[in-house]
There are 2 protein chains.
Amino acid sequence: MTKKKLLPSKKDFPAEWYTTIIKLADLADYGPSKGSIIIKPYGYAIWENIQNAMNPIIKQKGVGNSYFPLLIPMSLLEKEASHIEGFSPELAVVTIAGNEKLEEPLVVRPTSETIMYNAYANWVQSWRDLPIMMNQWNNVVRWEKRTTPFLRTSEFLWQEGHTAHATLNEALETQKWAMDMYKNIYNNYFAIDGCIGNKSKAERFSGADETMTFEALMPSGKALQAATSHNLGQNFSKPFNISFQTKDGADEFAWQTSWGLSTRSIGGLILTHGDDDGLVLPPKLAPIQVVIVTVNMSDDEMRFANELKTILENGNITTEIDTRDDERFGFKLNKWEVKGIPIIYKIGAREVENKKVTAKARFNKEEREISIETSLNETTKWLDDIQTAMLANSSRNLAENTRTATNYDEFKSIISTHKGFVKVFWNDNSEIEEKIKKETTASSRCMIIDHHEKVGKDFLTGEPSSTEWIFAQSY
Amino acid sequence: MTKKKLLPSKKDFPAEWYTTIIKLADLADYGPSKGSIIIKPYGYAIWENIQNAMNPIIKQKGVGNSYFPLLIPMSLLEKEASHIEGFSPELAVVTIAGNEKLEEPLVVRPTSETIMYNAYANWVQSWRDLPIMMNQWNNVVRWEKRTTPFLRTSEFLWQEGHTAHATLNEALETQKWAMDMYKNIYNNYFAIDGCIGNKSKAERFSGADETMTFEALMPSGKALQAATSHNLGQNFSKPFNISFQTKDGADEFAWQTSWGLSTRSIGGLILTHGDDDGLVLPPKLAPIQVVIVTVNMSDDEMRFANELKTILENGNITTEIDTRDDERFGFKLNKWEVKGIPIIYKIGAREVENKKVTAKARFNKEEREISIETSLNETTKWLDDIQTAMLANSSRNLAENTRTATNYDEFKSIISTHKGFVKVFWNDNSEIEEKIKKETTASSRCMIIDHHEKVGKDFLTGEPSSTEWIFAQSY
């Protein structure tokens, strides 16, 4: 495999690099219908690792996994006006079932607010029935015009959490809890740093009072909206009639949140860490953490490889030995490099004799000699260090490519020369945002939440502003 | 909660008992569209336990989890004639997407043979690319006329495994491996015994050369087709052109299998073990294995409860303390009984003083005193014993209700008086099977595989037959 020829340069041909790496690393392939992908086992194993990281946190919070129907009666979807307005252009609609034309069309869920809240209304009578907190790991369909594997596909996998509370405060606390979880997962599993904040009115979820977002900055200088959590207020509970009797006997509508993270995150993972030699996976999400490759597959080499595998696996390091007999040593090394395996152990006659391996980290190409006695401790420590260093890299990219603009000229200059995040004082205005988008292709990504109380001038109007925003081009 | 009034008798009102228990135990609720259900967290947690039991076995075999698109172009589905003929009456069809009429309708997958094998064809060139072995945990839609929660729903969750091999033998080995896995899971997790065998021509999967099935006998005397694995021969590989170059350089089509187990299995679980007091869950699939209920929720009681919870959880027993302050002790006991919790620990003042609990098994209502020192060992052992005893119960029901008929009169008499499994010598004939079905509502369930070589007489024609079959009414 002459991967150097197969894989275009990440910097010079970012789009080609991205789609090629997905094929070469065997993460996914294209499906037969528009904008659909097939997630192959190596890609799906990353998704399973994401699920395994998130599920304990979700359950610890008291949110139960559940499953609601895929097909939503059109009338349910239409109950909340801005929700249907937002999703209407992207719907896939079932009109025939069991060889008969349906009286009411069924929409393939683009998201499950409406079908879930219709049920919540039946389950809630008193404040004692609240909160209701459910999550789903499922598939949704949004008929997007332009698609890219993982980043934007006509169907994707995600989790969608949906809660109903007796008070606005409890809903806000839950919205924030979800965003903290996403930050934790992105930082500590994806090794991706980013900015948390609120969306502008124009970028908000259709039906939300407020949308929080985790915006990651990709090496290309474009932002990726990586996960969102919404304060839905009573926007859904009113039309769906999720009402309850309070402790005092009054009638009130529930306060709600929804929050989601999708397979788009795998796109962010590829973009953030991949290089001209292929994928680079952070150890905590890598389906295989260590691959052992032998030079000749001799009995001695394979025996040593198996010894090491047992040691590493007993220490909970996922390990695989390459046992293919139709590929050469160099080919194998390339193959696993393209697949982004965090550490490769190489074993030849010399290594067998010395009871050592030559090990190489995918992330920074560092090589080490590791003896069998210390292999578990050293490798565990090394994987941890790689995980930490990868996040540090992402944080450095974020810091180095977040620039401040005080007026529109500076803003445009930064966007056209550097891209990246541009930090500005701005008073949210949808018309103005539309204009900026047209002129610069950049849009607001989020209003910074941990903004220190200070006042500046709106970068466009010069008027006083106390809200700082991140703008960027985005995927 | 006066559950005795709420829950109808299992024996006298089996259908009402079944649907009521699902509501009372909070397993599921009805969805808004025809035949759809909402799987609530308590029901979904059972499904997660099933997944956790099966995934390691599936991965150990080298089968990778993956995800293929939900929507299948109609032309793909039509490529294998008997496949589309079988599924055509049950299809849900998307005709509109993104506000436009689609040129080609997209079918919501009823099963994924066609979309997967279309991809397999692209991935296979040489014998070195085989086997391909992938599994999906996903949702499928089949627009059924008559539906019942879990047992037959318009949408259900399942796993579908799909393999392609270089030889028929390898495919047959895989088909058998899958059925062994299902038997293992049903016996050792569901505590459900059953009969393994091949389906008759009439009952075979649309597109299969042979279908193996695990048929469980429910207490009602009706059979439940609990999981199937199919030898697809080259029926799909030919129209989809999954061809490969053999070691000798010849061109050949791949040999294929598919196999699945669905949320229908939860229906079987309810039917098999539930009683007039509610659900009874085998410990290995119970979302909570031990619930601790205190009489007064006093500080002492709660402290003792927490001590016990820590001990049990450290021993990997999933444990929950009932902390609701708005329900009485007796109400709580009933609530957990209906939900089928394997063991309930009861704690009052006396128990606190003696550092003992009064424990009760849901399965046979046995009560024991358990001291805190031995609680982990005793409870672990007891849960194991319950699991074993529940399977023994199912095996006994199977043995006691499998009867032999040598002619059609005996057959009809057994079906009308006892129901259950009827064992007969029979030469598979679809016309005759159709006639039997009309006259008795019973159909062939499977041809017994571990049949000892002997020859009998076809129970209808009297002709010599060397194949023994199980007939029964079924869900």
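**Exercise 1.** Find how many bridges join S5(B) to S6(B), and in which direction the two strands run.

*Solution.* Start with the pair itself: 4 bridges join S5(B) to S6(B), and the strands run antiparallel. Strands here are DSSP runs (E, at least two residues), numbered from the N terminus, and two of them pair if DSSP finds at least two bridges between them. Next, pick out a bridge: B:Ile96 has B:Lys101 as its partner in S6(B). Then look at the turn: 2 residues lie between the strands of this hairpin, and B:Gly98 in the turn has a positive phi of about 60°.

A word on the model: it is predicted, so local features need pLDDT of at least 70 and side-chain atom pairs count only at pLDDT 80 or more, while totals for chains, interfaces and linings use all residues. Residues are numbered from 1 along each chain as its sequence is written, with chains lettered from A and ligands numbered from 1 in the order in which they are written.

**Exercise 2.** Identify the other strand of chain B that is joined to S6 (residues 100–108) by 3 bridges.

*Solution.* Strand S4 (residues 71–73) of chain B runs antiparallel to S6. Within this pair, B:Pro73 is bridged to B:Leu106.

**Exercise 3.** Now cross to chain A: describe how chain B meets it.

*Solution.* First, count: 44 residues of chain B are in contact (C-beta atoms, placed from the backbone, within 7 Å) with 44 residues of chain A. Strand S5 (residues 92–97) gives the largest share of chain B's side, 6 residues. Finally, 5 bridges join S5 of chain A to S5(B), antiparallel, and A:Val94 partners B:Val94.

Methods: Contact = placed C-beta atoms within 7 Å.
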